[in-house]
Amino acid sequence: MLEVKINKKLSYFSINVDFSIKENEYVVILGKSGAGKSMTAKIIAGIEKLDSGKILMRGKDITNLSPEKRGISYLPQSNTLFPHMTVLENLEFPFKVKKLRPDKEKIEEISSRFGIEKILDKKPLSISGGEAQRVALARAILSNPEVVILDEPLNSLDFFNKAELIEFLKKIKGEKTVIHITHDPIEAEKLSDRIFHIENGKILFSGSWKEFIEKSRGELPCKIREFFSFLPYQRQF
């Protein structure tokens, strides 16, 4: 469905990646800070330009298309909700941009699925960080994109909000093609169909979480067990 070949020179290294993603696949791009994850995502979304390469969507070259014409919804790390609008008005925005009448049934359905139906009349500054992320995700889906890119969507959340949002993200698995950017292996373990481990702009590993763990020779599982042992309600996560 999505074919990506990117070459871009950065200050300290060059991004050189070549991969494809299947329809409705949930792919996690995993790597430490500064590995080139977010830049790769921004290039796919059309926010940043590549030096050479090509991006194909269903065989169509979208490399030089503007972001709004790519069929890709990009959700950045920072809060992107419009603070002067209510939650409902934020959800209606994707329709108004396309000069369409807001689909009330679709908005009600998505609001219910993401547990935000009771805060539709509130403004972003009066809701929690976890609620704001759910609203942003719901709005991204309401724009009906071919691909949803989530750039560190859980990075600013505490453990409980993170665990809750992971459960909501599981609801869109198999329904949308998702590229999830993170430095957290737990997000990869809980959500991914496939992982791309990236370092210094290069993909070092591509495969399932189980294959990734086996390749890591037991180091990551040990760290994750230690992490879970100190967390309350770990069975719910």
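How many of the 9 residues of helix H1 (residues 37–45) are buried?

Modeller: This is a predicted model, in which local features need pLDDT of at least 70 and side-chain atom pairs count only at pLDDT 80 or more, while totals for chains, interfaces and linings use all residues. Residues are numbered from 1 along each chain as its sequence is written, and side-chain values use heavy atoms, with hydrogens and water left out.

For helix H1, 7 of the 9 residues are buried, so this helix is largely enclosed by the rest of the structure. Buried stands for under 20% relative accessible area, exposed for over 50%, and partly exposed for what lies in between, with a 1.4 Å probe and protein chains only. Helices (H or I, at least four residues) and strands (E, at least two) are DSSP runs, numbered from the N terminus. The buried members of H1 are Lys 37, Ser 38, Thr 40, Ala 41, Ile 43, Ile 44 and Ala 45, and what comes after the helix is Gly 46, with a positive phi near 90°.

When residues up to four places away in sequence are not counted, Thr 40 touches Ile 6, Ile 15, Val 17, Phe 19 and Ile 198, where contact means heavy atoms within 4.5 Å.

One of those partners, Phe 19, is also among the residues in contact with Phe 196, whose place is in strand E9 and which counts as buried at 2% relative accessibility. Although Phe 196 and Gly 31 are 165 residues apart along the chain, their C-alpha atoms are separated by 8.5 Å. Further along, Asn 200 sits in the loop between strand E9 (194–199) and strand E10 (202–207), where its phi is near 50°, a positive value in a residue other than glycine, and its 41% relative accessibility makes it partly exposed.

Beyond these details, the chain is divided into domain 1 (1–71 + 147–236) and domain 2 (83–144), with bounds that come from an automatic or database domain assignment. Their centres, taken over C-alpha atoms, are separated by 24 Å, and the contact between them takes 12 residues from domain 1 and 10 residues from domain 2.

Of its 38 residues, Leu 91, Phe 114, Val 135, Leu 150 and Leu 169 touch the most other members. Two or more residues of this core come from each of several elements, among them strand E3 (26–30), helix H3 (104–113), helix H5 (159–170) and helix H7 (209–215), and the largest share, 7 residues, comes from H4. Each of domain 1 and domain 2 gives this core at least three residues. Val 135, one of the members named above, is in contact with Leu 81, Val 87, Leu 91, Ile 116, Ile 119 and Ile 127, leaving aside its neighbours within four places in sequence. A second, separate core of 28 residues includes Met 1, Leu 2, Ile 21 and Met 57.

Two loop residues complete the picture. Glu 152 lies in the loop between E7 and H5, has a positive phi of about 50° although it is not a glycine, and counts as buried at 6% relative accessibility. Lys 122, found in the loop between H3 and H4, counts as partly exposed at 36% relative accessibility, and leaving aside its neighbours within four places in sequence it is in contact with Thr 86, Val 87 and Ile 127. The C-alpha atoms of Lys 122 and Asn 16, which are 106 residues apart along the chain, are separated by 44 Å.

Definitions and conventions
Core = buried A, V, L, I, M, F, W, Y, C linked by side-chain atoms within 4.5 Å.
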